Amino acid sequence: MRISVIIAYHGETNYIMDCLASLAEQSYRDFEVIVVCDGCEEPDVSPFPELTIRFERAEAAGSVARMRNLGLERAEGEYLFFLDADDYIDTEMFEQMISAAVPDGVVYASIRHTWYSRKVHYDNGEELNRKNGMAKKDRFRGDCQNPYEFLVMRANGLQNVTILGMLIARSIVEQNKLRFDEEFRYFSDAPFLLQILAAAKDTVFCEESYYIKRKHNDPVNLPALVQVKDEENKIFEGMRMYSQYKHVVQKDADEVYFDYKFARFLVTRISLFLMKAKPGKREEIGECLKEALGKMGSGVDDRLDRYARQLVQYGKRGRVDKIAKKARGNARKQKMQTVFHSRSMMKRYIYRKILCKMKMIPDMVVFESFFGKNYSDSPKYIYEYLNETYPGTYKCVWVNTGKKLELPYGGKQVRRFSFRYFYYMARSRYFVFNGRQPRYFVKRKGSVFLETWHGTPLKKLVFDMDDVTSATPLYKEEVYKQTRAWDYLVAPNQFSEEIFRHAFMYDGNMLETGYPRNDILYRSDREQLTGEIKDELHIPRDKKVILYAPTWRDDEYYGHAKYKFTLMLDLDRMREELGEEYVVILRTHYFIADALDLSEYGGFAYNVSKYDDIARLYLISDVLITDYSSVFFDFANLRRPMLFFTYDLEKYRGVLRGFYMDVEEELPGPMLFDTEQVIDAIHHIEDIQKEYAHKYNKFCDKYCAWEDGHASEKVVNAVFRGE
């Protein structure tokens, strides 16, 4: 029995390869693939010669309904299977569904949702899904014999009622001349599916077959239909779809579950839209709502709370003004309950509603480095330049996490998320951060936000990442909103400027200055300063220093704010071979700073992960060992040797994150894969310097050309002095 797989393709080049790969690996082979292109170029299918693929072209900007109808007209198989280009399926799915298929019937599969690509999902995504609460299987009751009820039970809301994950006998479609309603954009599946279920002679649930529905973690550039901001049309379509359902089902089935879903649609979607809708639009919604709710049975009342029952009764009479008033009051009530029962929400409320309406202090500057964890990075050097060059001109406030920072020049300090913090965040004119601001930050008119960021990017950032595994799945949407508030963004080199533009989707002012944090590397008194820093860290002045600064890996995340770290360097072997001449200082990412215990290596290995300023560690280091951390871009300013301990190169490059550069081609030092290679390289460090001299010079020309020790001056002149 041949299956016709119909894929509506809108140009989702980031996703379609996963979709086709899942088809190419099917154990059941008797199927054809029809890809309907929506005014876009056909995807490259050369990696899948085993697939029988036919392309059809729909009109530009055609609806999903139109594209699927075109696929139906071209289908030749006995069964139909609709697959979205951004989804994929288990390798045994077709074999299991065909074995369960019945003539003139329908076979359901389970649906699981994920934010991840097929590779991540299959390599370690199941574990990630479990820990993040993402894995979701159909909530199918074994005693449910009503296909209409199951139609809604497998959906999370009306818009998610879907034809996906179903094997449909083509005879049902042809004998009843069924097609998708092309007037629907967001709810086109439901009316078609209702007709399928009404005509099907039997329905079967194939519990162990999984359709993997991929959510979109880039709702800015690649929004799924449920993420598209078009609430008005979604509301009208939802009401029309409900009316069609009631017409098809009539009274021959238990309708309570679907009625309940529509009542919730009224509470969570329609009522909120009515709160802001203009009078004319309200009246139009009222007529449609009155017609739809006039078909609702009374059996649903027992499932609704008092508030929902009131909205339903108002809707049945077309009293949308009453719905809007009731919804507004309910929203205020819920907001106040949240505010008065949550100290953090109360502070945010006061920040937005009261403090942000107070007069701005024109000479006040808020500084934050690594979310208040320390006094470091470019904000530190901008702060010091401001105070040295324009003493007393600016009122400076530093954000901390509760532990006092050692500040020169007597700046104020506030604990992050304290009431004083919100006061200064509301009233300051200037902000100097090296990371993202809070999501609820209010960008006031006339304020100036300077984003210095915290490194030349080696690993893919934000909108260049296919999968976001260690942050909220809506990370890209959050970053997009946050970067709209940046007035200036510091770029350390041309390479970074180009990446920042597309990775942050940033089109604001880019400061081509180099990093203020690297100014210290060009100081004339570096030798004297090096001795002082060694004394501060209790490192013998006569010992050479190896700085090991690994990055953190996305798979070292195992829960909210929880990270692990495994030290792959054998410190016992290094001490045995190098201890007479060298000491090792370890600087890990601040996420994993507490994961190291070096107590048994006293006098040889030092954990400096919590040392505020890594630039000062560069100064005392004779050799840098790193992997995929951006530290080597900054360390290169010193022209000292670097070794790259890349023991998990293929995994890191292929699964965790991609790279912006060809590391084998560009890195100005050898790539090493075990401790013995590292030790040997340090024994022959002078030979390595000579071997990589040309590549090192080329590297510096590309990544260090803007650095000259005056970045802080240039940034301050541009942002604070308007020069």
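Two strands pair if DSSP finds at least two bridges between them. Strands (E, at least two residues) and helices (H or I, at least four) are DSSP runs, numbered from the N terminus.

The model shown is predicted: local features need pLDDT of at least 70, side-chain atom pairs count only at pLDDT 80 or more, and totals for chains, interfaces and linings use all residues. Residues are numbered from 1 along each chain as its sequence is written, and side-chain values use heavy atoms, with hydrogens and water left out.

**View 1. Strands E16 and E19 pair in the parallel sense.** Five bridges join strand E16 (residues 544-549) to strand E19 (residues 582-586). Val 545 has Val 583 in E19 as its bridge partner.

**View 2. The open sheet has six strands.** Their order is E20-E19-E16-E21-E22-E23, with parallel pairing. Strand E20 (605-607) and strand E23 (671-672) are at the edges with a single partner strand each, so one side of each has no neighbour in the sheet. In general, strands of a sheet pair through backbone hydrogen bonds.

**View 3. Helix H24 lies across part of this sheet.**

**View 4. Leu 521 sits in a loop.** The loop is between strand E15 (509-512) and helix H18 (526-536). Leu 521 is buried, with a relative accessible area of 1%; buried means under 20%, exposed over 50% and partly exposed in between, with a 1.4 Å probe and protein chains only. Beyond its neighbours within four places in sequence, Leu 521 has contacts that include Arg 526, Tyr 618 and Asn 637. Asn 637 is 116 residues from Leu 521 in sequence, and the two are 7.1 Å apart in space, C-alpha to C-alpha.

**View 5. Helix H2 is mostly covered.** Eight of the 11 residues of H2 (residues 64-74) are buried, among them Val 64, Met 67, Arg 68 and Leu 72. Their cover includes strands E1 (3-9), E2 (31-38), E3 (53-58) and E4 (79-84), together with helices H6 (170-175) and H7 (189-199).

**View 6. The protein chain has 27 helices and 23 strands.** Of its 723 residues, 58% are buried.

Key:
Contact = heavy atoms within 4.5 Å. Axes fitted to C-alpha atoms, helices over the stretch in contact; angles between N-to-C directions.
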